[in-house]
Amino acid sequence: MEKVYSVGQVNSYIKRMVSSDYVLGRIRIKGELSNVKYHTSGHIYFTLKDSRGALRCVMFAGNRMNGLHFQMEDGQSVVVAGRIDVYERDGLYQLYANQIQLSGAGELYERYEQLKVKLEAEGLFDFEHKKPIPAYATRIGVVTASTGAAIQDIASIAHRRNPYVQLYLYPVQVQGEGAAQSIVEGIQVLDKMELDIIIIGRGGGSIEDLWAFNEESVAYAIYNANTPVISGTGHETDTTIADYVADKRAATPSAACELAVFEYEAYRQSLKKRRQQLIRLLQQKKEKLQKQLEYQSLRLLHASPKYRLEQQRQYMDELHTRLETAVQRCLTTKRERLLQQKTQLRQQMERKYEKSRQELTMRAIRLDGLSPTAKLIHGFGYVEAFDKPVSDITALNAGDVVTITMQKGSKKAEILSE
C-alpha cells in the first residue's frame, strides 16, 4: 500500500529542496513591479512579472536601508537580488529580496535619486543659499545649444518682451559624452562676465537626453556661481538636479526667459504710473509743508514782540474804551442819582417851605393878633416917648413930648401936667 503524506510534510519537503538549491539561494531576477504595497510594519510586498509569468516577492524592513534607494511604484522595471524560498503555511514560494535596483532608465533614475539625496544633505538645495533674481535685468547669459528650439524661443521672447535687453549665448553640448563639462564651462565663463542672470536649459526629452543636467559637476557649478541662475530644462513635468540647485526653476526654457526678461512696455507704463503717483505724493507733501509753514509763520507772528505790542495796544484801547464806558456809566449813574437827590431835596425844601410858610402865616396871624396896631382898629392907640412905648404913665413928666399912634395915623402931644 502506498504511503500517504500530509500537506505540511509535502510543504516542508519542498522547502528543504528549494532552500538547499544554490542557484535559488543567490538569484537576480529582472521584471516589472506590480501590486507594490508598503506595509505599516516596514515590509514591502510586491509582485515581479514579465510576459510569461509572475512571482510574489517581499522585502523585509531590515533590508531596506542598504538594499533600496528609490520609491517603488507599479510599472517600474527592476532587478531584484535575493533568494527563493517556500512559505510552508500556505505552500507558496516567493522571492525574499535583499536588494532592488532600477533597470535601464531606472538605473539612471536611481543614480538621480542617490545624487539628489547626497546634494540635499550637503545643503545645495537650501533656500537660504538661493540668490534673488533681479527684477530689471538687462544683460542675460544663456547656456544652451546654439541650434534648436530653446535658443530660438528665448531670443524671440526676449525681443518681444524687451527689445533693449542684451543676450549673451555660450553654445554648449546639451546631451551625450562631454555635455556636462561643456555646460560647466559655459556657466563659469558667463559668471565671470558679471551679468545680471544666467539661463541654462534645453528642450524636453527622455531622462537619458536630460542627463547632463543631472551631473554632479553641473550642480556644483550652479551652486558656486555668483550670478543668479535660472534653470529651464525639459518640459513642465521634467525636473533635473540643476532645477533643484538653481536659484529659480522654470518649467521650460521659454518660461525661464519670461522670468528673466522684464516686459519693457509694462515697465514703461509702471514708471509712468509711479511718476504720476510721485508727483501726486510730492504735491501732497508740498501742500502739507505749506500748511506747516503757514502754521509756523503764524506761531512766529504771534510770538513776535511787534505782534504782542500790537495786541497790548489793542488791549489797552479796549481797556480805555471799557474805562470810558465805565466812567460814563458811573457819571450817568451819579448824575441820575444827583438829579434824583436834587428832586428829592427840592421836594423836601418845597415841603419845608410850605410848612414854614404855613407856620409863618400862622405865626403872622398870631403875631398880628398880638400886635398893638391890630388893636387900634377898635379905637385903641399907644403912646411912645423917647422912641419906645410908654407902659407906665408915671414915667412921663410935664413937658414931655409923646407920640400917640391910632389906626389912622399918629400925632405928637405934650404932657401939660404930672
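A residue is buried when its relative accessible area is under 20%, exposed when that area is over 50%, and partly exposed in between, using a 1.4 Å probe and protein chains only. With 0% relative accessibility, Ile230 counts as buried. This is a predicted model: local features need pLDDT of at least 70, side-chain atom pairs count only at pLDDT 80 or more, and totals for chains, interfaces and linings use all residues. Residues are numbered from 1 along each chain as its sequence is written, and side-chain values use heavy atoms, with hydrogens and water left out.

Start with Ile230. The residue sits in strand β9 (residues 229-233). Strands here are DSSP runs of E with at least two residues, helices are runs of H or I with at least four, and both are numbered from the N terminus. Contact means heavy atoms within 4.5 Å. Setting aside neighbours within four places in sequence, Ile230 touches Ile133, Ile197, Ile198, Ile199, Ile200, Lys248, Ala250, Ala256, Leu259 and Ala260. Ala251 is 21 residues from Ile230 in sequence and 10 Å from it in space, C-alpha to C-alpha.

Now take the helices. Two packed helices are described by the angle between their axes and the distance between the axes. Axes are lines fitted to C-alpha atoms, for helices over the stretch in contact, and angles run from 0 to 180 degrees between N-to-C directions. Helix α6 (residues 179-192) packs with α7 at about 10 degrees, and their axes are 9 Å apart. Angles under 35 degrees count as roughly parallel, over 145 as roughly antiparallel, 65 to 115 as roughly perpendicular and the rest as oblique. So α6 and α7 are roughly parallel to each other. On the α6 side, Ala180, Ile183, Val184 and Ile187 meet Ser217, Val218, Ala221 and Ile222 of α7.

A salt bridge is a side-chain nitrogen of Lys or Arg within 4 Å of a carboxyl oxygen of Asp or Glu. By this rule the structure has eleven salt bridges. One of them joins the side chains of Glu216 and Lys118, at 2.7 Å from N to O. Glu216 belongs to helix α7 (residues 216-224) and Lys118 to helix α4 (residues 105-122), so the pair ties together parts that are 98 residues apart in sequence. Glu216 is partly exposed at 29%, and Lys118 is partly exposed at 36%.

A second bridge connects Asp247 and Lys131, with the closest N and O atoms 3.4 Å apart. Asp247 lies in the loop between α8 (241-245) and β10 (248-249), Lys131 lies in the loop between α4 and β6 (139-144), and 116 residues separate them. Asp247 is buried, with a relative accessible area of 10%.

Helix α11 holds a local example. The closest N and O atoms of Arg357 and Glu354 are 2.5 Å apart in their salt bridge. The two are three residues apart in helix α11 (residues 305-370), so about one helical turn separates them. Arg357 is partly exposed at 37%. Glu354 is partly exposed too, at 29%.

Lys15, Arg83 and Asp85 form a network of salt bridges. Arg83 has a further partner. Its charged end sits over the ring of Tyr96, 4.7 Å from the ring centre. The rule asks for NZ of Lys or CZ of Arg within 6 Å of the ring centre and within 35 degrees of the ring normal.

Tyr96 leads on to the aromatic pairs. Rings of Phe, Tyr and Trp (its six-membered ring) pair if their centres lie within 6.5 Å; planes under 30 degrees apart count as stacked, over 60 as edge-to-face and the rest as tilted. The structure holds six such pairs. Phe60 and Tyr96 have ring centres 5.8 Å apart and planes at 40 degrees, so this pair is tilted. Phe60 is in the loop between β3 (53-59) and α3 (61-67), and Tyr96 is in strand β5 (residues 92-102), so the pair ties together parts 36 residues apart in sequence. Phe60 is partly exposed at 33%, whereas Tyr96 is buried at 12%. Elsewhere, Tyr136, Phe262 and Tyr267 form one aromatic cluster.

Asn35, in strand β1 (residues 27-38), has a phi near 55 degrees, a positive value in a residue other than glycine. Asn35 is exposed at 54%. Glu194, also not a glycine, has a positive phi of about 55 degrees. Glu194 lies in the loop between α6 and β8 (197-202) and is exposed at 64%.
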